Amino acid sequence: MAPDLPSEDTSAGLEEYADTIERALGDADDVMLVPHSLGGLVGPVVAARRPLRALVYLAGLVPEPGLSFHDQVAASEEPILLFKSGRAIDEQGRSHWPDPEATVSIMYPDLSPDDARWAAERLRPQAQRSQTEPSPATPPGLRVESIIGANDPVVSPSWSRRVARERLGVEPVELPSGHFPMITHPEPLADALAQLDAQ
């Protein structure tokens, strides 16, 4: 299952994002949680609420405990996000992508034209509260892994490799993909998750 987080809701922060995931999971147990992209920020919040088999960041923003994502960007000596244009801010302070053609070229350069249009049409405004709240640490003993796209044009692969090794203490699994391997490389992604699950 892949629940949509309430990204457009300006009152929703990490706890509300975690509420959405909790509702989707229900009473499921033995869960491998795979947060993608900005969803990585909420991974530790969910992990603090319920037992997980593993937390696997997928092309994810890996949080640094005690810092918000905005804090991380300000403190980072290297780029975290690679795009520098394309987004605008609406009257509610939410970021959004107003130009479909620019969105496709920046976010989805490795998708087919049909898939890129399909994906771009589903983008929603992104409120900022979740990125201004400090992230908690993951619970002690929780298994944490990282899968990155070697050609990711959104989240820097170099940054992702470094934080996987230094912050998570793992060697990342690399796929020959961009930011959306679930669209462009679903079988290799499924194989990578199955291999991690079997370890």
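A pocket is taken here as an open set of grid points, where a 1.4 Å probe fits, with protein on both sides within 12 Å along at least five of seven lines. In this predicted model, the largest pocket has a volume of about 1,500 Å³. Its lining comprises 44 residues, and those closest to the centre are Pro 3, Asp 4, His 36, Ser 37 and Phe 180. Two or more lining residues come from each of helix 1 (14-25), strand 1 (32-33), strand 4 (95-96), helix 5, helix 8 and helix 9 (186-198). Helix 1 contributes the most, with 3 residues. By residue class, the lining of the largest pocket contains 31 nonpolar, 9 polar and 4 charged residues.

The second largest pocket has a volume of about 190 Å³. It is lined by 13 residues, of which Phe 69, Val 73, Leu 81, Arg 87 and Gln 131 are the closest to its centre. Helix 3 (residues 69-75) gives the most to this lining, with 3 residues. The lining of the second largest pocket divides into 7 nonpolar, 4 polar and 2 charged residues.

Aromatic pairs, counted where ring centres lie within 6.5 Å, number 2. In one of them, the rings of Tyr 108 and Phe 180 have centres 4.9 Å apart and planes at 40°, so the pair is classed as tilted. The two residues are 72 residues apart and link distant parts of the chain: Tyr 108 lies in the loop between helix 4 (100-107) and helix 5 (113-121), and Phe 180 in the loop between strand 6 (173-175) and helix 8 (181-184). Tyr 108 counts as buried because its relative accessibility is 2%, and Phe 180 also counts as buried, at 11%.

Definitions and conventions:
Residues are numbered from 1 along each chain as its sequence is written. This is a predicted model: local features need pLDDT of at least 70, side-chain atom pairs count only at pLDDT 80 or more; totals for chains, interfaces and linings use all residues. Side-chain values use heavy atoms; hydrogens and water are left out. Rings of Phe, Tyr and Trp (its six-membered ring) pair if their centres lie within 6.5 Å; planes under 30 degrees apart count as stacked, over 60 as edge-to-face and the rest as tilted. Helices (H or I, at least four residues) and strands (E, at least two) are DSSP runs, numbered from the N terminus. Buried means under 20% relative accessible area, exposed over 50%, partly exposed in between (1.4 Å probe, protein chains only). On a 1 Å grid over the protein atoms alone, a cavity is a set of points where a 1.4 Å probe fits but cannot get out, and a pocket is an open set with protein on both sides within 12 Å along at least five of seven lines; lining residues have an atom within 4 Å of a point. Grid points are joined across faces, edges and corners, and a volume is the space filled by probe spheres set on the points. Ala, Val, Leu, Ile, Met, Phe, Trp, Tyr, Cys and Pro count as nonpolar, Asp, Glu, Lys and Arg as charged, and the others, Gly among them, as polar.
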